[in-house]
Amino acid sequence: MKFPRGKKFPKGKKFPKGKASLHLWRWLLILLAVQFGPVGRLGADPENLSIPLQKADRLDDTDHFLEAITILKGLEKSDPRNVEILYRISRVESDLVDDLPDDAKKKGCDYAVESVAYAKRAIEADPKSSEAHLAAAIAYGVMTDFVDDRTKMEYSKLIKAEAEKAIELDPKDDYAYLVLARWNFEMTQLNPILKGFAELLYGQMPPASQEKALEDFQKAIELDPNKMIHHFCYGEALARLGRKDEARAEYQKVLRLTATCREERGYQQKATSGLKTLGR
């Protein structure tokens, strides 16, 4: 269940790079493409923290994840309950998992587990931080690449809950709507095995619909129409539904935007391929 990279998510707020079925949730992380939100609620000396936090954000935006983590964990030593530091570490580690080669699965799992742990700590430090809850949704999405099908479905429930909490706390969080859109869409596309686990765990399938997914995609775009990942993920969903003209329009919007990072260049390459598949 992979999400676009993060918020950071895409750069400026990122969501899951993706695979199939539940893994598509993480494209976007997967998409999660994403820069951090405004710096706020800092510790005892926000002026001293703002500069290194901004530096860490820039490093994350340019795919220098280990350097960003080094800065953030250095800050954590002096302020271990600072929500701004904790949720950033979670998000950068989620981004790092997506950047690792396929043969580094063990290392990726370690970072994913730590990403979840930091998101939980961020929520404990400030339960009203929408960024912390969004980081948790993303982290659980990253973890789905390393667990069995039953656990994937257990995490799916947490992803939905954390994304909805992030929206409750910040109704203008476009990336949270993107996460929720992916959840709704993928839950309607489950293969029989995953659907069986979902029904076993939930008693019945949790409420999800393609209509709600499309509404959430549109809401994310409404809140930030210049975010490439929103148009790309919406276009992918429309293409899978056979709505070719609408999908083509979203892919074309992706190509009209200016790519500012490797992730966004990747979205443009995929959009170009998508247009060829649909037929210009």
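Helix H5 (residues 130–143) packs against helix H7 (residues 174–187) at an angle of about 35°, with the axes 11 Å apart. Helices here are DSSP runs of H or I with at least four residues, strands are E runs of at least two, and both are numbered from the N terminus. Axes are lines fitted to C-alpha atoms, for helices over the stretch in contact, and angles run from 0 to 180 degrees between N-to-C directions. The crossing of H5 and H7 is left-handed: the near helix is turned anticlockwise from the far one by less than a right angle.

This is a predicted model, in which local features need pLDDT of at least 70 and side-chain atom pairs count only at pLDDT 80 or more, while totals for chains, interfaces and linings use all residues. Residues are numbered from 1 along each chain as its sequence is written, and side-chain values use heavy atoms, with hydrogens and water left out.

Which residues in H5 and H7 meet? From H5 come Leu-134, Ala-137 and Ile-138; from H7 come Tyr-175, Ala-176 and Val-179. Contact means heavy atoms within 4.5 Å. By class, this contact has 6 nonpolar, no polar and no charged residues. Ala, Val, Leu, Ile, Met, Phe, Trp, Tyr, Cys and Pro count as nonpolar, Asp, Glu, Lys and Arg as charged, and the others, Gly among them, as polar.

H5 itself is mostly covered, with 14 of its 14 residues buried. Buried means under 20% relative accessible area, exposed over 50%, and partly exposed in between (1.4 Å probe, protein chains only). Across the protein chain, buried residues make up 58% of the 280 residues. The chain has 12 helices and 0 strands.

Of its 77 residues, Leu-72, Leu-75, Leu-178, Val-179 and Phe-217 touch the most other members. Such a core is a set of buried Ala, Val, Leu, Ile, Met, Phe, Trp, Tyr and Cys residues joined through side-chain atoms within 4.5 Å. Beyond its neighbours within four places in sequence, Leu-72 contacts Leu-53, Ala-56, Ile-85, Arg-88, Ile-89 and Val-92.

Now the loops. Asp-126 lies between helix H4 (105–125) and H5. Asp-126 counts as buried because its relative accessibility is 16%. Its C-alpha atom is separated by 6.2 Å from that of Val-83, 43 residues apart along the chain. Asp-63 lies in the loop between helix H1 (46–61) and helix H2 (65–78). Its phi is near 70°, a positive value in a residue other than glycine. Most residues other than glycine have a negative phi. Asp-63 is buried too, with a relative accessible area of 15%.
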